[in-house]
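Work through the exercises below with the sequence and the structure at hand. Try each task before reading its solution.

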Amino acid sequence: MDWLSVQLGSDYAILQIDQAPAHTSSAIVWPENIIPLFQPPSAPELNPIERLWQALKKPLKNQLFSSLQALRERIQEIFDQLTFEQVISVSSYNFILEALFYAASY
């Protein structure tokens with residue numbers, strides 16, 4: 001996290017994480033410019049990466065790849081075709097937006 005904090009400089013980041021014990025440990029010292037946003041327990045559908053994965057899997061359905069590299073290339077093609085609107089559609093939840101507005105009010 002120190003690396004991310006340094007990269008952010010004077011900016012802030014909200015890091016959405018699940019409530020796995022390793023992520024909620026009191027031993028974690030959060031840098032001032034990284035704000036943890038704990039998603040509700042047992043709710044992977046609220047994790048944007050899970051929703052992005054669903055969008056990614058559709059074009060891969062029923063395809064066979066001759067190598068891991070061929071799969072990587074196809075995934076990269078799919079990512080390259082994603083629009084800003086598509087990314088927003090899988091990551092715009094009210095609790096995320098509320099956290100962003102809260103962080104912006106600092």
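**Exercise 1. Locate Asn62, state whether it is buried or exposed, and describe its phi angle.**

Solution. Asn62 sits in the loop that connects H3 and H4. This is a predicted model, and all values here are computed from it. The relative accessibility of Asn62 is 76%. The cut-off for exposed is over 50%, so Asn62 counts as exposed. Its phi is near 65 degrees, which is a positive value in a residue other than glycine.

**Exercise 2. Describe the order of the helices and strands in the protein chain, and how much of the chain is buried.**

Solution. Begin with the count: the protein chain has six helices and two strands. Next, read from the N terminus, where the order is α-β-α-β-α-α-α-α. Then turn to burial: 25% of the 106 residues count as buried. The accessible surface of the chain is about 7,900 Å², and carbon and sulfur atoms account for 58% of it. Last, take the contacts between residues at least 6 apart in sequence: 44% of these join residues at least 24 apart.

**Exercise 3. Check the length of helix H4 and find which of its residues are buried.**

Solution. Helix H4 covers residues 68-81, which is 14 residues. At 1.5 Å a residue the helix should span 20 Å, and its end C-alpha atoms are 20 Å apart, so the two values agree. The buried residues of H4 are Arg74, Ile75 and Ile78. Seen down the helix axis, these residues fall within an arc of 100 degrees, and therefore they line one face of H4. They pack against helix H3, residues 48-60.

**Exercise 4. Find the salt bridge of the structure and explain how its two residues are placed in the helix.**

Solution. The structure holds one salt bridge. It joins the side chains of Arg74 and Glu77, with 3.3 Å from N to O. An α-helix has 3.6 residues a turn, so residues three or four places apart point the same way. Arg74 and Glu77 are three residues apart in helix H4, which means that about one helical turn separates them. As for accessibility, Arg74 is buried, whereas Glu77 is partly exposed at 41%.

**Exercise 5. Describe the surroundings of Ser5.**

Solution. Ser5 belongs to helix H1, residues 2-8. Its relative accessibility is 16%. Buried means under 20%, so Ser5 counts as buried. Leaving aside residues up to four places away in sequence, Ser5 touches Pro31, Asn33 and Ile34. With Asn33 there is also a polar contact between the side chains, at 2.6 Å.

Definitions and conventions: Residues numbered from 1 in each chain as written. Predicted model: local features only at pLDDT ≥ 70, side-chain atom pairs only at ≥ 80, totals over all residues. Heavy atoms only, no water. Helix = DSSP H or I, 4+ residues; strand = E, 2+ residues; numbered from the N terminus. Buried < 20%, exposed > 50% of the residue type's maximum accessible area, 1.4 Å probe, protein only. Contact = heavy atoms within 4.5 Å. Areas by Shrake-Rupley, 256 points an atom, 1.4 Å probe, with all protein chains shown as cover. Expected span 1.5 Å × (residues − 1). Arc of directions from axis to C-beta. Salt bridge = Lys/Arg side-chain N within 4 Å of Asp/Glu carboxyl O. Polar contact = N/O pair within 3.5 Å; in protein donor to acceptor, adjacent residues only side chain to side chain.
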